[in-house]
Amino acid sequence: MIRSEILKEIAPILRDQLVVCNIGIPSQELHAIDDQPTNFYMLGTMGLASSIGLGLALSQPKPVIVIDGDGSILTNLGTLPTIANNVADNYILLIIDNGSYGSTGDQPTYAGQKTSLSKMAEAAGCDRVVECQAEETGRVLQEALDAKQMTIIVSKCDSGNAKMPPITMDPVVIRDRFMKAVQGA
Amino acid sequence: MNIDKKITDDLAANDVSFVTTVPCKQLAGVIEEIDAHEDIFHIPSNKEDEGMGLCAGAWMGGKRPAIIMQNTAIGVAINTLATLIQYYRMPLPMLISYRGELREPIACQVEMAVHTKALLAQLNIPTYHFHHQADVEELDAILKYTFMCNKPVAILTDANFWGGYGDQ
(Lines give C-alpha, C1' and ligand atoms only; values in the text may rest on other atoms or scores of the structure.)
Protein backbone atom coordinates (compact mmCIF):
# COMPACT_ATOMS: atom_id res chain seq x y z
CA MET A 1 0.00 0.00 0.00
CA ILE A 2 1.42 3.41 -0.96
CA ARG A 3 0.68 6.86 0.50
CA SER A 4 -2.02 7.81 -2.03
CA GLU A 5 -3.95 4.61 -1.20
CA ILE A 6 -3.80 5.48 2.51
CA LEU A 7 -5.02 9.02 1.75
CA LYS A 8 -7.93 7.63 -0.29
CA GLU A 9 -8.87 5.33 2.54
CA ILE A 10 -8.74 7.98 5.28
CA ALA A 11 -10.28 10.79 3.18
CA PRO A 12 -13.74 10.34 4.78
CA ILE A 13 -12.14 10.74 8.24
CA LEU A 14 -10.12 13.77 7.18
CA ARG A 15 -13.02 15.54 5.45
CA ASP A 16 -14.51 17.16 8.55
CA GLN A 17 -11.21 17.89 10.30
CA LEU A 18 -8.58 20.60 10.05
CA VAL A 19 -5.71 19.07 8.08
CA VAL A 20 -2.22 20.45 7.57
CA CYS A 21 -0.60 18.56 4.72
CA ASN A 22 3.06 18.15 3.91
CA ILE A 23 4.79 19.77 0.93
CA GLY A 24 5.01 18.19 -2.50
CA ILE A 25 3.30 15.06 -3.71
CA PRO A 26 1.37 14.39 -0.43
CA SER A 27 -0.45 17.72 -0.81
CA GLN A 28 -0.99 17.12 -4.52
CA GLU A 29 -2.47 13.71 -3.78
CA LEU A 30 -4.76 14.96 -1.00
CA HIS A 31 -5.85 17.91 -3.15
CA ALA A 32 -6.73 15.60 -6.05
CA ILE A 33 -8.44 12.97 -3.85
CA ASP A 34 -10.62 15.29 -1.77
CA ASP A 35 -9.97 19.04 -1.83
CA GLN A 36 -11.55 20.73 1.19
CA PRO A 37 -11.37 24.26 2.62
CA THR A 38 -10.31 22.57 5.85
CA ASN A 39 -7.08 21.43 4.15
CA PHE A 40 -3.98 23.59 4.42
CA TYR A 41 -1.59 22.61 1.65
CA MET A 42 2.08 23.38 2.05
CA LEU A 43 3.57 24.52 -1.25
CA GLY A 44 7.06 25.14 0.12
CA THR A 45 9.14 24.89 3.27
CA MET A 46 9.90 21.21 3.74
CA GLY A 47 9.64 19.95 7.30
CA LEU A 48 7.31 22.44 8.92
CA ALA A 49 3.91 20.74 8.62
CA SER A 50 4.17 19.32 12.15
CA SER A 51 5.14 22.74 13.54
CA ILE A 52 2.35 24.61 11.73
CA GLY A 53 -0.15 22.04 12.95
CA LEU A 54 1.09 22.30 16.53
CA GLY A 55 0.82 26.10 16.52
CA LEU A 56 -2.70 25.74 15.17
CA ALA A 57 -3.72 23.10 17.73
CA LEU A 58 -2.38 25.19 20.61
CA SER A 59 -4.29 28.27 19.43
CA GLN A 60 -7.82 26.98 18.93
CA PRO A 61 -9.89 24.02 20.19
CA LYS A 62 -10.72 22.01 17.03
CA PRO A 63 -8.85 18.79 16.28
CA VAL A 64 -5.88 19.20 13.95
CA ILE A 65 -4.49 16.33 11.87
CA VAL A 66 -1.05 16.79 10.35
CA ILE A 67 -0.15 14.56 7.43
CA ASP A 68 3.62 14.41 7.40
CA GLY A 69 6.30 12.17 5.96
CA ASP A 70 9.36 10.43 7.34
CA GLY A 71 11.70 12.62 5.28
CA SER A 72 10.05 15.82 6.49
CA ILE A 73 10.19 14.73 10.13
CA LEU A 74 13.87 13.90 9.71
CA THR A 75 14.56 17.37 8.32
CA ASN A 76 12.89 19.02 11.36
CA LEU A 77 13.65 16.56 14.15
CA GLY A 78 13.54 19.33 16.74
CA THR A 79 9.78 19.26 16.28
CA LEU A 80 9.39 16.04 18.32
CA PRO A 81 10.59 17.47 21.67
CA THR A 82 8.59 20.65 21.07
CA ILE A 83 5.46 18.56 20.47
CA ALA A 84 6.13 16.34 23.49
CA ASN A 85 6.65 19.26 25.84
CA ASN A 86 3.68 21.34 24.67
CA VAL A 87 0.81 18.89 24.89
CA ALA A 88 -2.24 19.71 22.79
CA ASP A 89 -4.84 16.98 23.05
CA ASN A 90 -6.45 18.16 19.80
CA TYR A 91 -3.25 17.37 17.88
CA ILE A 92 -2.63 14.25 15.80
CA LEU A 93 0.59 13.87 13.85
CA LEU A 94 0.23 11.19 11.17
CA ILE A 95 3.65 10.33 9.78
CA ILE A 96 3.24 8.36 6.59
CA ASP A 97 6.54 6.52 6.70
CA ASN A 98 7.36 5.08 3.31
CA GLY A 99 11.09 5.10 3.96
CA SER A 100 11.76 7.43 1.06
CA TYR A 101 11.85 11.02 -0.14
CA GLY A 102 8.81 10.59 -2.40
CA SER A 103 8.68 14.07 -3.93
CA THR A 104 12.31 14.06 -5.05
CA GLY A 105 12.65 10.65 -6.70
CA ASP A 106 12.12 8.10 -3.94
CA GLN A 107 15.64 8.23 -2.54
CA PRO A 108 15.76 6.14 0.67
CA THR A 109 15.52 7.89 4.05
CA TYR A 110 17.17 6.64 7.23
CA ALA A 111 13.67 5.93 8.58
CA GLY A 112 13.49 3.08 6.11
CA GLN A 113 16.79 1.72 7.39
CA LYS A 114 17.96 1.62 11.03
CA THR A 115 16.09 4.63 12.41
CA SER A 116 12.70 4.25 14.12
CA LEU A 117 10.62 7.43 14.14
CA SER A 118 8.17 5.98 16.66
CA LYS A 119 11.01 5.26 19.08
CA MET A 120 12.38 8.75 18.48
CA ALA A 121 8.96 10.25 19.25
CA GLU A 122 8.81 8.20 22.44
CA ALA A 123 12.34 9.24 23.39
CA ALA A 124 11.36 12.87 22.79
CA GLY A 125 8.67 12.43 25.44
CA CYS A 126 5.52 11.97 23.35
CA ASP A 127 3.07 10.02 25.53
CA ARG A 128 0.83 8.39 22.92
CA VAL A 129 2.77 6.96 19.98
CA VAL A 130 1.24 4.32 17.74
CA GLU A 131 3.13 2.54 14.99
CA CYS A 132 0.93 0.68 12.52
CA GLN A 133 0.87 -0.89 9.12
CA ALA A 134 -0.61 1.08 6.21
CA GLU A 135 -3.82 -0.97 6.19
CA GLU A 136 -4.54 -0.08 9.85
CA THR A 137 -4.14 3.68 9.40
CA GLY A 138 -7.85 4.53 9.21
CA ARG A 139 -8.69 2.62 12.38
CA VAL A 140 -5.72 4.03 14.30
CA LEU A 141 -6.53 7.58 13.16
CA GLN A 142 -10.17 7.28 14.20
CA GLU A 143 -9.11 5.87 17.58
CA ALA A 144 -6.78 8.84 18.04
CA LEU A 145 -9.61 11.28 17.31
CA ASP A 146 -11.88 9.43 19.72
CA ALA A 147 -9.18 9.30 22.42
CA LYS A 148 -8.94 13.13 22.44
CA GLN A 149 -5.31 12.74 23.40
CA MET A 150 -2.28 14.01 21.55
CA THR A 151 -1.15 11.15 19.32
CA ILE A 152 1.79 10.49 17.04
CA ILE A 153 1.02 7.83 14.42
CA VAL A 154 3.76 6.26 12.35
CA SER A 155 2.15 4.42 9.46
CA LYS A 156 4.58 2.13 7.68
CA CYS A 157 3.84 1.84 3.97
CA ASP A 158 5.46 1.18 0.62
CA SER A 159 7.39 3.75 -1.35
CA GLY A 160 5.67 5.24 -4.39
CA ASN A 161 3.60 8.13 -5.65
CA ALA A 162 0.36 8.60 -7.58
CA LYS A 163 0.59 10.86 -10.62
CA MET A 164 -1.33 13.99 -9.65
CA PRO A 165 -1.25 17.54 -11.03
CA PRO A 166 0.50 20.34 -9.11
CA ILE A 167 -1.68 22.61 -6.99
CA THR A 168 -2.25 25.87 -8.86
CA MET A 169 -4.40 27.56 -6.20
CA ASP A 170 -2.83 30.79 -4.96
CA PRO A 171 -1.23 30.37 -1.51
CA VAL A 172 -3.13 33.33 -0.09
CA VAL A 173 -6.39 31.74 -1.27
CA ILE A 174 -5.44 28.42 0.37
CA ARG A 175 -4.61 30.25 3.59
CA ASP A 176 -7.66 32.51 3.54
CA ARG A 177 -10.22 29.77 2.97
CA PHE A 178 -8.46 27.63 5.58
CA MET A 179 -8.65 30.41 8.16
CA LYS A 180 -12.35 30.87 7.40
CA ALA A 181 -12.83 27.13 7.91
CA VAL A 182 -10.95 27.34 11.23
CA GLN A 183 -13.25 30.13 12.38
CA GLY A 184 -16.41 28.51 10.99
CA ALA A 185 -18.76 26.16 12.80
CA MET B 1 13.17 52.15 32.07
CA ASN B 2 13.02 48.36 32.16
CA ILE B 3 13.33 47.49 28.46
CA ASP B 4 12.41 43.83 28.97
CA LYS B 5 9.14 44.77 30.62
CA LYS B 6 8.40 47.54 28.12
CA ILE B 7 8.83 45.13 25.17
CA THR B 8 6.66 42.48 26.83
CA ASP B 9 3.95 45.00 27.70
CA ASP B 10 3.92 46.33 24.12
CA LEU B 11 3.52 42.80 22.78
CA ALA B 12 0.64 42.09 25.15
CA ALA B 13 -1.01 45.46 24.43
CA ASN B 14 -1.02 44.54 20.74
CA ASP B 15 -2.72 41.20 21.49
CA VAL B 16 0.41 39.18 20.77
CA SER B 17 -0.38 36.06 22.75
CA PHE B 18 1.83 33.36 21.18
CA VAL B 19 5.58 33.89 21.36
CA THR B 20 8.28 31.45 20.36
CA THR B 21 11.88 32.00 21.33
CA VAL B 22 15.35 30.76 20.54
CA PRO B 23 17.60 32.23 23.18
CA CYS B 24 20.40 34.76 23.06
CA LYS B 25 22.16 36.16 26.12
CA GLN B 26 20.96 39.66 25.24
CA LEU B 27 17.38 38.40 25.13
CA ALA B 28 17.43 36.49 28.42
CA GLY B 29 15.56 39.19 30.33
CA VAL B 30 12.79 39.68 27.82
CA ILE B 31 12.35 35.90 27.43
CA GLU B 32 11.94 35.67 31.22
CA GLU B 33 9.31 38.44 31.19
CA ILE B 34 7.42 36.77 28.35
CA ASP B 35 7.49 33.42 30.08
CA ALA B 36 5.99 34.99 33.20
CA HIS B 37 3.30 37.03 31.42
CA GLU B 38 -0.14 35.49 31.96
CA ASP B 39 -1.58 36.66 28.62
CA ILE B 40 1.26 35.24 26.53
CA PHE B 41 1.78 31.57 25.67
CA HIS B 42 5.55 31.03 25.49
CA ILE B 43 6.78 28.08 23.44
CA PRO B 44 10.53 27.70 23.09
CA SER B 45 11.57 26.26 19.73
CA ASN B 46 14.70 24.35 18.83
CA LYS B 47 15.38 26.20 15.60
CA GLU B 48 14.07 29.41 14.12
CA ASP B 49 12.42 27.91 11.04
CA GLU B 50 10.54 25.53 13.34
CA GLY B 51 9.49 28.55 15.40
CA MET B 52 8.19 30.31 12.29
CA GLY B 53 6.10 27.24 11.49
CA LEU B 54 4.60 27.36 14.98
CA CYS B 55 3.84 31.07 14.49
CA ALA B 56 2.20 30.44 11.11
CA GLY B 57 -0.10 27.85 12.68
CA ALA B 58 -0.90 30.04 15.66
CA TRP B 59 -1.86 32.91 13.41
CA MET B 60 -4.17 30.72 11.33
CA GLY B 61 -5.66 29.57 14.63
CA GLY B 62 -6.56 33.14 15.55
CA LYS B 63 -3.64 34.22 17.72
CA ARG B 64 -1.14 36.97 17.03
CA PRO B 65 2.36 35.48 17.09
CA ALA B 66 5.90 36.79 17.45
CA ILE B 67 9.35 35.22 17.29
CA ILE B 68 12.36 36.21 19.35
CA MET B 69 15.71 35.10 17.98
CA GLN B 70 19.29 36.00 17.10
CA ASN B 71 20.34 37.55 13.79
CA THR B 72 22.45 34.51 12.91
CA ALA B 73 19.11 32.76 12.40
CA ILE B 74 18.33 34.86 9.33
CA GLY B 75 20.72 32.47 7.63
CA VAL B 76 18.67 29.52 8.88
CA ALA B 77 15.24 30.88 8.08
CA ILE B 78 15.40 32.50 4.62
CA ASN B 79 13.51 29.70 2.87
CA THR B 80 10.81 29.71 5.53
CA LEU B 81 10.44 33.48 5.35
CA ALA B 82 10.10 33.38 1.54
CA THR B 83 7.99 30.25 1.01
CA LEU B 84 5.81 30.24 4.13
CA ILE B 85 5.51 33.61 5.84
CA GLN B 86 5.72 35.80 2.73
CA TYR B 87 4.20 33.39 0.19
CA TYR B 88 1.03 32.88 2.27
CA ARG B 89 1.15 36.55 3.40
CA MET B 90 1.33 36.19 7.17
CA PRO B 91 2.30 38.75 9.79
CA LEU B 92 5.35 37.98 11.90
CA PRO B 93 7.14 40.41 14.19
CA MET B 94 10.72 39.22 14.62
CA LEU B 95 12.48 40.68 17.64
CA ILE B 96 16.09 39.99 16.82
CA SER B 97 19.20 40.21 18.93
CA TYR B 98 21.61 41.94 16.55
CA ARG B 99 24.90 40.33 17.51
CA GLY B 100 28.18 41.39 15.96
CA GLU B 101 27.50 45.13 16.17
CA LEU B 102 29.26 47.80 18.28
CA ARG B 103 30.32 46.56 21.75
CA GLU B 104 30.30 42.92 20.57
CA PRO B 105 33.01 40.83 22.28
CA ILE B 106 32.85 37.73 20.02
CA ALA B 107 34.51 38.21 16.62
CA CYS B 108 32.63 35.42 14.85
CA GLN B 109 29.32 37.20 15.49
CA VAL B 110 30.45 39.97 13.15
CA GLU B 111 30.49 37.52 10.25
CA MET B 112 26.68 37.25 10.17
CA ALA B 113 26.17 40.85 11.33
CA VAL B 114 27.67 42.14 8.08
CA HIS B 115 25.13 40.12 6.08
CA THR B 116 22.06 40.72 8.27
CA LYS B 117 20.69 43.95 6.80
CA ALA B 118 21.62 42.96 3.23
CA LEU B 119 19.71 39.67 3.54
CA LEU B 120 16.67 41.38 5.07
CA ALA B 121 16.77 44.02 2.31
CA GLN B 122 17.06 41.31 -0.36
CA LEU B 123 13.91 39.71 1.10
CA ASN B 124 12.06 43.08 1.12
CA ILE B 125 11.51 42.70 4.86
CA PRO B 126 10.77 46.00 6.62
CA THR B 127 13.65 46.41 9.08
CA TYR B 128 14.08 48.64 12.14
CA HIS B 129 17.30 48.99 14.10
CA PHE B 130 17.15 49.81 17.81
CA HIS B 131 20.52 51.29 18.80
CA HIS B 132 19.58 53.58 21.69
CA GLN B 133 17.28 52.64 24.53
CA ALA B 134 14.80 55.35 23.53
CA ASP B 135 14.30 53.58 20.16
CA VAL B 136 12.05 51.08 21.94
CA GLU B 137 9.36 53.77 21.88
CA GLU B 138 8.71 52.78 18.25
CA LEU B 139 7.93 49.15 19.07
CA ASP B 140 4.21 49.73 19.55
CA ALA B 141 3.91 51.38 16.12
CA ILE B 142 6.03 48.65 14.50
CA LEU B 143 3.75 45.95 15.89
CA LYS B 144 0.65 47.75 14.61
CA TYR B 145 2.34 48.14 11.23
CA THR B 146 3.20 44.41 11.10
CA PHE B 147 -0.38 43.27 11.68
CA MET B 148 -1.69 45.94 9.32
CA CYS B 149 0.36 44.74 6.34
CA ASN B 150 0.65 40.97 7.09
CA LYS B 151 4.38 40.83 6.52
CA PRO B 152 7.38 39.61 8.47
CA VAL B 153 9.04 42.63 10.05
CA ALA B 154 12.51 42.65 11.61
CA ILE B 155 13.43 44.62 14.73
CA LEU B 156 17.20 44.48 15.15
CA THR B 157 18.29 45.21 18.70
CA ASP B 158 22.04 45.68 19.16
CA ALA B 159 24.33 45.53 22.18
CA ASN B 160 24.24 49.28 22.66
CA PHE B 161 20.45 49.11 22.93
CA TRP B 162 20.65 46.39 25.56
CA GLY B 163 23.31 48.25 27.51
CA GLY B 164 26.43 46.56 26.19
CA TYR B 165 26.72 42.83 25.77
CA GLY B 166 30.46 42.80 26.46
CA ASP B 167 30.12 45.02 29.52
CA GLN B 168 27.77 42.68 31.34
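**A strand and its surroundings**

Mentor: Let us start with one pair: B:Pro93 has B:Val153 in S6(B) as its bridge partner. Please keep in mind that this is a predicted model.

Trainee: How many bridges do strand S4 and strand S6 of chain B pair over?
Mentor: Strand S4 (residues 92-98) and strand S6 (residues 152-158) of chain B pair over seven bridges, in the parallel sense.

Trainee: What stands opposite B:Ile96 in S4(B)?
Mentor: That is B:Met69. S3(B) and S4(B) run parallel and are joined by four bridges. Between S3(B) and S4(B) the chain passes through helix H4 (residues 74-86) of chain B, in a right-handed β-α-β crossover.

Trainee: In which order do the six strands of the open sheet in chain B come?
Mentor: The order is S2-S1-S3-S4-S6-S5, with parallel pairing. At the edges are strand S2 (41-44) and strand S5 (127-130) of chain B, each of which pairs on one side only. On average, neighbouring strands of this sheet are turned by 20° against each other, direction ignored.

Trainee: Back to S4(B): are its residues buried or exposed?
Mentor: Seven of the seven residues of S4(B) are buried. B:Leu92, B:Met94, B:Ile96 and B:Tyr98 point one way, while B:Pro93, B:Leu95 and B:Ser97 point the other way.

Trainee: Which strands does helix H6 of chain B lie across?
Mentor: Helix H6 (residues 139-149) of chain B lies across strand S1 (16-21), strand S3 (64-70), S4, S5 and S6 of that chain. Its direction is at about 160° to S6(B).

Trainee: A change of topic, then. Which residues touch the most other members of the largest nonpolar core?
Mentor: They are A:Leu94 and A:Ile153, in a core of 95 residues. Helix H3 (residues 48-60) of chain B supplies the largest share of this core, seven residues. As background, nonpolar side chains in soluble globular proteins tend to be buried together.

Note on methods:
Residues numbered from 1 in each chain as written. Chains lettered and ligands numbered in written order. Predicted model: local features only at pLDDT ≥ 70, side-chain atom pairs only at ≥ 80, totals over all residues. Pairing = 2+ DSSP bridges. Helix = DSSP H or I, 4+ residues; strand = E, 2+ residues; numbered from the N terminus. Axes fitted to C-alpha atoms, helices over the stretch in contact; angles between N-to-C directions. Contact = placed C-beta atoms within 7 Å. Buried ≥ 20, exposed ≤ 12 C-beta atoms within 10 Å, placed from the backbone. Right-handed = clockwise from strand over helix to strand, strands pointing away. Core = buried A, V, L, I, M, F, W, Y, C linked by C-beta atoms within 7 Å.
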